[in-house]
Amino acid sequence: MQNKPSERIKELGLILPPAPPPAGLYKPVLVVDHFLYISGQGPMQNDGSLIVGRAGHDMTMEEAKIAARQVALTMLSTIQTHFGDIDKIKRIVKTLGMVNSTPDFGQQPLVINGFSELMADIFGPDNGVGVRSAVGMILPGGIPVEIEAHFELHH
């Protein structure tokens, strides 16, 4: 049986950055019925600063993928700070991954794999993989990746 998500975080030796404060008029998390919705998260580093860069310009696909992985850690921190027990999450349902990239950069799905692979490591190969979109766009503050996600909660 798969370990609890909180145990997997410890086993993987993951360090969660501080949860970012809201940067506008919105809720960081919202529970509706048995679903947890997480507002778009950026790649917060452990010192509270954000990773900045643009894929295809001053950042490689691999560097952007690392930033997407950092977004996963930021999201986990936001969940713990604003929702509480991460073990109440049953599965990830949907991911919207946005990549700050040049018009000719076509590897947005590979970048967002940095987020998705860590979610699969934490929640398991079935519950850690949901439906997903990965798109390129301009992002606030020059961050390379922003991701929002929806999770199903245990009943």
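F123 counts as buried, at 5% relative accessibility (buried means under 20% relative accessible area, with a 1.4 Å probe and protein chains only). F151 is buried too, with a relative accessible area of 0%. The model is predicted: local features need pLDDT of at least 70, side-chain atom pairs count only at pLDDT 80 or more, and totals for chains, interfaces and linings use all residues. Residues are numbered from 1 along each chain as its sequence is written, and side-chain values use heavy atoms, without hydrogens and water.

One aromatic pair is found in a search of the whole structure. F123 and F151 form this pair, 6.0 Å centre to centre with 45° between the planes, and it is tilted (ring centres within 6.5 Å; under 30 degrees is stacked, over 60 edge-to-face, the rest tilted). F123 lies in helix 3 and F151 in strand 5, so the pair ties together parts 28 residues apart in sequence (helices are DSSP runs of H or I, at least four residues; strands are runs of E, at least two).

The largest nonpolar core has 35 residues, of which V111, F115 and F151 touch the most other members (such a core joins buried Ala, Val, Leu, Ile, Met, Phe, Trp, Tyr and Cys through side-chain atoms within 4.5 Å). Helix 2 gives the most to this core, with ten residues.

Helix 3 spans residues 108-123. A kink of about 35° is centred on G114 (the bend is the angle between axes fitted to the seven residues ending there and the seven starting there). Buried residues of helix 3 include V111, G114, F115 and M119. Just after helix 3, G124 takes a positive phi of about 100°.

Methods
The expected span of a helix is 1.5 Å times one less than its number of residues. Buried means under 20% relative accessible area, exposed over 50%, partly exposed in between (1.4 Å probe, protein chains only).
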